[in-house]
Amino acid sequence: TCSLVLSLSFPQVKCVRYWPDDTEVYGDIKVTLIETEPLAEYVIRTFTVQKVSSPPGQLACLFIQDTQ
């Protein structure tokens, strides 16, 4: 299962940037940025999230960031 996160821009910070520019390993979880698609009002980022320990598994996630 993958969660969809929507980060809205307001005068105050609602979401601290926590995604990698390329690949980061957090314990036995590897997160890789696959694609960044900037659009007029938001940015869509596609990631793979992979468990590197046994048994291995992988899933794809989308992160949508409001740029307004």
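Predicted model: local features only at pLDDT ≥ 70, side-chain atom pairs only at ≥ 80, totals over all residues.

Reader: What does pLDDT say about the protein chain?

Author: pLDDT is the predictor's confidence in each residue, from 0 to 100. The protein chain averages 75, and 68% of its residues score at least 70. Among the elements, strand β2 (residues 23-26) has the highest mean, 90. Strand β1 (residues 5-7) has the lowest, 54.

Reader: How many helices and strands are there in the protein chain?

Author: Zero helices and five strands. Both are DSSP runs, numbered from the N terminus: helices are H or I with at least four residues, strands are E with at least two. Along the sequence the pattern reads β-β-β-β-β.

Reader: What makes β3 and β4 a pair?

Author: Two strands pair if DSSP finds at least two bridges between them. β3 and strand β4 (residues 42-51) have nine bridges, in the antiparallel sense. Therefore they count as paired. A hairpin of three residues joins β3 to β4.

Reader: Which residue in β4 is the bridge partner of V31?

Author: The partner is V49.

Reader: Why is K30 called partly exposed?

Author: Buried means under 20% relative accessible area, exposed over 50%, and partly exposed in between (1.4 Å probe, protein chains only). K30 has 27% relative accessibility, so K30 counts as partly exposed. K30 lies in strand β3 (residues 29-38).

Reader: Which residues is K30 in contact with, leaving aside neighbours within four places in sequence?

Author: Contact means heavy atoms within 4.5 Å. By that test, K30 is in contact with T23, E24, V25, T48, V49, Q50 and V52. The C-alpha atoms of K30 and Q50 are separated by 5.1 Å, though the two residues are 20 apart along the chain.

Reader: Which residues form the largest nonpolar core?

Author: Five residues: W19, V31, L33, F47 and F63. A nonpolar core is a set of buried Ala, Val, Leu, Ile, Met, Phe, Trp, Tyr and Cys residues joined through side-chain atoms within 4.5 Å. V31 also has contacts beyond four places in sequence, including P20, Y26 and F47.

Reader: How much of the protein chain is buried?

Author: Buried residues make up 21% of the 68 residues.

Technical notes
Residues numbered from 1 in each chain as written. Heavy atoms only, no water.
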